[in-house]
Amino acid sequence: MQMAQEKLHPMTVVTIANARVHDLIGLICWQYTSEGEPKLNENVNAYCLHIAEDDGEVDTDFPPLDSNEPIHKFGFSTLALVEKYSSPDLASRQSLFVRINAAHGFSLIPVDSLKVTMKEILQKALKKRKGSQKGSGPMYRLEKQTEPNVAVDLDSTLENQSTLEFCLVRENSSRGEEITDVQLGISGKKVEIDPVTNQKASTKFWIQQKPISIDSDHLCACDLVEERSPSHAIFKLTYLSNHDYKPLYFESDAATVNEIVLKVNYILESRASTSWADYFAQKQRKLNRRTSFSFQKDKKAGQ
């Protein structure tokens, strides 16, 4: 809790997941006064909730949470109750906020004017993710949230868009394909995939993905999918999960990708697991059926 001219007062408050922000504000006010603290304004509308750092410092880059929204929508564990207009820094901010949705959550981009170009907004969104549009690594585009697969003209302004909500999508992919930075650990016994996110960013902007551990006996294949340049290549890791073959796609520089593919295939051939053998047997059967069909089609065409 943060009041005008007063020091921070830390509190732990428990609420139900479907409670609205307005309800939580009322609960905080009630708990605060019931603990014997100084009396508050009786009108709960005099207060708002802001995103805060773990030490309670209000993040003034962002507007207060919408009081009509359910609290579970935001997913922040540390919030600050602030008396409206008690902080000159908060009161003086009249910025617009553009919502950028992505595979792992959303971010709010402050802008000073509707005249800002969409290219500037894209650059700010990528900076939140520590991304880049400078020719190395994956490239991204913006789409209107209501218009999938239609890229926004980056030279146009926000004023031309008729919306403040967009989706960040990697080039040559579509919405729903999840992309995150990971650490890949490979040993003879298993492959471990641990998401790597900036701690501050993962708390505020992006929902953290769970680690994955794959037993080597469940690995089926590791294939190079694309090698576009020395700085960009993609490989596919296929593994068995609940009787289904599931693919995972990874991208990095070409040297790293080729080294990983070589190492994983060495492990696969050394272990020669049942999953690996069954997967290749199934692939071979499919290949034989396609070859047989093609031969019959060519034979009929020649008659």
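Residues are numbered from 1 along each chain as its sequence is written, and side-chain values use heavy atoms, with hydrogens and water left out. Because the model is predicted, local features need pLDDT of at least 70 and side-chain atom pairs count only at pLDDT 80 or more, while totals for chains, interfaces and linings use all residues.

The protein comes to six helices and twelve strands, where helices (H or I, at least four residues) and strands (E, at least two) are DSSP runs numbered from the N terminus. Of its 303 residues, 34% count as buried; buried means under 20% relative accessible area, exposed over 50%, and partly exposed in between, with a 1.4 Å probe and protein chains only. Among contacts (heavy atoms within 4.5 Å) with a separation of 6 or more, 56% join residues 24 or more positions apart.

Buried residues in α5 are Ala-254, Val-257, Ile-260, Val-261, Val-264, Ile-267 and Leu-268. They cover an arc of only 160° around the axis, so they lie on the same side of α5, the arc being that of the directions from the helix axis to the C-beta atoms. The other side of α5 carries the exposed residues Ala-255, Glu-259, Leu-262, Tyr-266 and Glu-269.

Just after α5, Ala-272 takes a positive phi of about 45° although it is not a glycine. Ala-272 sits in the loop that leads from α5 (254-271) to α6 (274-302) and is partly exposed, at 44% relative accessible area. Another non-glycine residue with a positive phi, near 70°, is His-243. His-243 belongs to the loop between β11 (232-241) and β12 (244-252), and its relative accessibility of 77% makes it exposed.

Finally, Tyr-245, Trp-276, Tyr-279 and Phe-280 form one aromatic cluster. Rings of Phe, Tyr and Trp (its six-membered ring) pair if their centres lie within 6.5 Å; planes under 30 degrees apart count as stacked, over 60 as edge-to-face and the rest as tilted. By this rule there are four aromatic pairs. Tyr-279 and Phe-280 form an edge-to-face pair, 5.8 Å centre to centre with 90° between the planes. Tyr-279 is buried at 9% relative accessibility, whereas Phe-280 is partly exposed at 37%.
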